[in-house]
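Here is a short briefing on side-chain contacts and surface patches. Please keep the sequence and the model open while reading.

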Amino acid sequence: MKKKIYETIIIGCGISGLGCAHTLKDNNKDFLVITEDIGGRICTSSDGKVNYGAYFVTYDYKHMKKLVTKGRKIRFKDITFHNGRKRYRFFNRQIIKYIPQLIKLTFHLLKFRRAYGIFKKNCEHMSQKEALEQDPYLKSLYKKKTIDFLKEQHIEGVVNKYIHEVLYAMSFVSDQKPSAFSFLQWTYQLFLLPVNEFSLDKNMTILPFRKNIIRDTVLKIGKKGDNYLIKTRNKKFIARNIVVATPPWISKNLLHLEKIDKTINAYMFHVKGSIREGWDETDDQFFDPHSRTCVISHQTDGSYLVYTKNKNVDLNNYFSSFDIISQKHWKPAFTYPEDLMLDCIQGKNLYLIGDHNIGGMEDSYITGIYAANQIIKNNLSQE
Ligand SMILES: Cc1cc2nc3c(=O)[nH]c(=O)nc-3n(C[C@H](O)[C@H](O)[C@H](O)COP(=O)(O)OP(=O)(O)OC[C@H]3O[C@@H](n4cnc5c(N)ncnc54)[C@H](O)[C@@H]3O)c2cc1C
């Protein structure tokens, strides 16, 4: 019997694969998803109430917002910062001395937001690489290290005092090597916009294409004439278009990519217990980058999430008594891109999507929209 040739196979069903699948479905295109799980790095406790991976959405998550239900608001003013033995909030008397820097920083954040909004819109119909080429301002930020940007703009003071901890909590990186692009990308969203915890109903999300999903692991992608041959643990598949929506370190192997950026690890402990005095002032405790602990976050069900850079952090420092409900070793959690972007088009009808260039769910989702739009456009031109 002749083997079925799929129009498109999407490998991976995290948020980027979902972006691609939803766009193809909305345009009545045929596709198959081969994936190990649904949601990828959007993963939760067994009762679905606590996010163990991706944690928040912001006001500017235009595409993502349609798929999720918003939860507790995370307010900048309610974060307690811990720097060595010092403990403080953002709005305190010391902030007065940083007001000129704060104004300057806010100007940069607003400027970035405007350019980034246009960039994301462009990315629906252009690869991230092409869209970046069109904007010299964003391109220079992508190539610049945060540390150099802050020095140039004379805003290290306010960043080291307050925002440093926020970025450490978000990125698990203890230095300022990530690009000025990613610094501004996260800082403007956390600093200027409403930020919420969220939940993703995975069954509802895949309902429109539930029957197009196969749970399996892809081991190899090869060519078969003009088409692609996919070898999984259990079977072989043939497709005209392939969309690789796996995490960067898996895509690297599947596509034999030479370059892959630095990977970042993190540990997560989901804890039930009595928190010690000093760690209970507000729901979110953010730590300075010299600490091995990045965040402690009080959950609406009374439990706590503790993110650390080190497996051997002593939780007795924070809890007088506790049980670990679950723990997860994010090895890696994500990459941080250091200079040049990878192209989405990796060959004829072969697409790479996800967060290999730009971190976060919204941008990942948009890479999925772009790959789907390319497939739809190519189909139209062949008809
Ligand atoms: C701890 C943590 C906290 C984060 N917090 C936030 C946050 O608050 N906000 C935010 O916007 N982003 C956050 N992120 C980043 C965000 O989760 C990612 O940028 C985004 O989810 C990437 O989506 P993706 O679809 O590209 O990859 P993934 O979510 O990794 O999905 C990859 C998919 O590929 C599948 N797969 C892997 N290998 C194979 C294979 N060989 N064969 C078949 N299928 C395969 C997996 O099963 C999965 O379905 C966080 C990430 C982590 C780890």
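**Salt bridges and burial**

Glu-124 is buried, since its relative accessible area is 11%. Buried means under 20% relative accessible area, exposed over 50%, and partly exposed in between, with a 1.4 Å probe and protein chains only. This is a predicted model: local features need pLDDT of at least 70, side-chain atom pairs count only at pLDDT 80 or more, and totals for chains, interfaces and linings use all residues. Residues are numbered from 1 along each chain as its sequence is written, and side-chain values use heavy atoms, with hydrogens and water left out.

*Charge pairs*

- Side chains of opposite charge can pair when their charged atoms come close.
- The structure holds 12 salt bridges. A salt bridge is a side-chain nitrogen of Lys or Arg within 4 Å of a carboxyl oxygen of Asp or Glu.
- Glu-124 meets Lys-121 in one of them, at 3.2 Å from N to O. Lys-121 is exposed, with a relative accessible area of 53%.
- Salt bridges with shared partners join Arg-72, Glu-197, Asp-283 and Asp-284 into one network.
- Glu-197 bridges to Arg-72, with the closest N and O atoms 2.7 Å apart. Glu-197 lies in strand S7 (residues 195-200) and Arg-72 in strand S4, so this pair ties together parts 125 residues apart in sequence. Helices (H or I, at least four residues) and strands (E, at least two) are DSSP runs, numbered from the N terminus.
- Both Glu-197 and Arg-72 are buried.
- Asp-283 also forms a salt bridge with Arg-72, at 3.6 Å from N to O. Asp-283 sits in the loop between strand S12 (262-275) and strand S13 (284-287), and Arg-72 in strand S4, so the pair ties together parts that are 211 residues apart in sequence.
- Asp-283 counts as partly exposed, at 34% relative accessibility. Arg-72 counts as buried, at 16%.

*Aromatic pairs*

- The count comes to 24 aromatic pairs. Rings of Phe, Tyr and Trp (its six-membered ring) pair if their centres lie within 6.5 Å; planes under 30 degrees apart count as stacked, over 60 as edge-to-face and the rest as tilted.
- Phe-56 and Trp-186 pair edge-to-face, 6.0 Å centre to centre and with 85° between the planes. Phe-56 lies in strand S3 (residues 56-58) and Trp-186 in helix H7 (residues 180-192), so the pair ties together parts that are 130 residues apart in sequence.
- Phe-56 counts as buried at 11% relative accessibility, and Trp-186 counts as buried at 16%.
- Phe-76 and Phe-90 are also edge-to-face, with ring centres 4.9 Å apart and planes at 85°. Both residues, Phe-76 and Phe-90, are buried.
- Ring pairs link Phe-112, Tyr-116, Phe-119, Tyr-142, Phe-181 and Tyr-188 into a cluster.

*Surface patches*

- Patches are made of residues with over 30% relative accessible area and no salt bridge; like charges are joined within 9 Å, and nonpolar side chains (Val, Leu, Ile, Met, Phe, Trp, Tyr) within 5 Å.
- Lys-3, Lys-220, Lys-224, Lys-231, Lys-235 and Lys-236 gather in a surface patch of positive charge.
- Lys-231 is placed in strand S10 (residues 227-232). Lys-231 counts as partly exposed, at 39% relative accessibility.
- Ile-96, Ile-99 and Ile-103 form a nonpolar surface patch, with about 300 Å² of accessible area together.
- Ile-96 lies in the loop between S6 and H2. At 56% relative accessibility, Ile-96 counts as exposed.

How values were computed:
Accessible areas come from the Shrake-Rupley method with a 1.4 Å probe; for residues, only the protein chains shown count as cover. Lys and Arg count as positive and Asp and Glu as negative; His and the chain ends are not counted. The place of a charge is taken as NZ of Lys, CZ of Arg, CG of Asp or CD of Glu.
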